[in-house]
Each structure stands twice: as structure tokens, then as C-alpha cells.
Amino acid sequence: MWSYEKRLQFPVRIKTPNAAAAKVIITQYGGPDGELGASMRYLSQRYTMPWRGVAGLLTDIGTEELAHLEMVSAIVYQLTKGLSADEIRRQGFDTYFVDHTAGVWPQAAGGTPFTSMCFASKGDAITDLHEDMAADGATGKEQQCCLSNSVRFSCALAGAAKI
């Protein structure tokens, strides 16, 4: 059971909508190394962890990942809020928009829907912890992505705590 504080861990205030950026950032929501998979990974693995302290840590991290999921949702929503159909089409967000309009739906940047096959919970502490470290390493690389020829974008989640 969680206590939910009704505010974002890190407030998101995007002033200029940009569907092209949303198309890339959505992978942090439901892509193979996104926050949805991360939260499910940790919250699933905690049950078979033989060490109570580590199980508690996995619960804490899984909960933190849910907070990241909420922030990414806010980012994607704000990047697409109020755009005209023409802007959505010009910025390459039309294939997403036709199915989900402005709703935030878990998928990778390439359009592949989220699947639980993106994470593992094997019931073996060493295997699960190795999977966690590998996934977090991949996530860090995804959070630094090039959105245009000369603009570097550092995702708001880059400073968030990870193991």
C-alpha cells in the first residue's frame, strides 16, 4: 500500500508544445527500457528476493519508477496539448494521434506497444539484480537523445535516483 502525494515529484511546465519531441520521449513511458517496465520489474522481483532489506529496496525503487512514469506522462501530455491536426501531422505524431488522440499510451518511439516481455522476473536474486542493472544502464543512454541537428535534450528524469 502506498501513500500518494498529489503532486509531481519534479513539476513539469512545458510552455511550447512539440509533438516531434513527444514522439521520442514516449519511449521513456512505454518503451522497452521505459518507466512502466522499470516499475513492473522492481515491484515483481521484490516477492522472491531472499533478503528482506533488498526486497524493501526493490519496493522503494519500483515506487520511484511509478513517480517517473507520472512525470513522463505529464511531459508527453504537455508536449501535445492544444496542437492542431496540421501541427500533429507536420511533426510526425499523426500515426499515434489517430489511435490515441491526446491520451498517453505506453509505446516505444517507433510505435511498438508496451509488452511485459520488456522485463524479467526470474525468481533468482542474482539474475534479477543483473537484469535490473542492465536495464538501468540502457535507460541512462536513452535519456540523452538528439532531437535535432544541434540540440541536445536531457530528459527531466536524468537526475532521478536509480540503482
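The points below go from the overall build to the pocket and then the cores. This is a predicted model, in which local features need pLDDT of at least 70 and side-chain atom pairs count only at pLDDT 80 or more, while totals for chains, interfaces and linings use all residues. Residues are numbered from 1 along each chain as its sequence is written, and side-chain values use heavy atoms, with hydrogens and water left out.

**Overall build**
- The protein has seven helices and two strands (DSSP runs: H or I of at least four residues for helices, E of at least two for strands).
- Read from the N terminus, the order is α-α-α-α-α-α-α-β-β.
- Of the 163 residues, 39% are buried, meaning under 20% relative accessible area with a 1.4 Å probe, protein chains only.

**The largest pocket**
- Its volume is about 400 Å³.
- Among the residues lining the largest pocket are Trp2, Tyr4, Arg7, Leu66 and Glu70.

**Nonpolar cores**
- A nonpolar core is a set of buried Ala, Val, Leu, Ile, Met, Phe, Trp, Tyr and Cys residues joined through side-chain atoms within 4.5 Å.
- The largest core has 20 residues, of which Ile25, Val76, Leu79 and Phe93 touch the most other members.
- Helix H1 (19-25) and helix H4 (52-80) are the elements that give two or more residues to this core.
- H4 gives the most to this core, with seven residues.
- Another core, of seven residues, lies apart from it and includes Tyr42, Met49, Leu58 and Ala125.

Conventions:
Buried < 20%, exposed > 50% of the residue type's maximum accessible area, 1.4 Å probe, protein only. 1 Å grid on protein atoms, 1.4 Å probe; cavity = no way out; pocket = protein on both sides within 12 Å on 5 of 7 lines; lining within 4 Å. Points joined across faces, edges and corners; volume = space filled by probe spheres on them.
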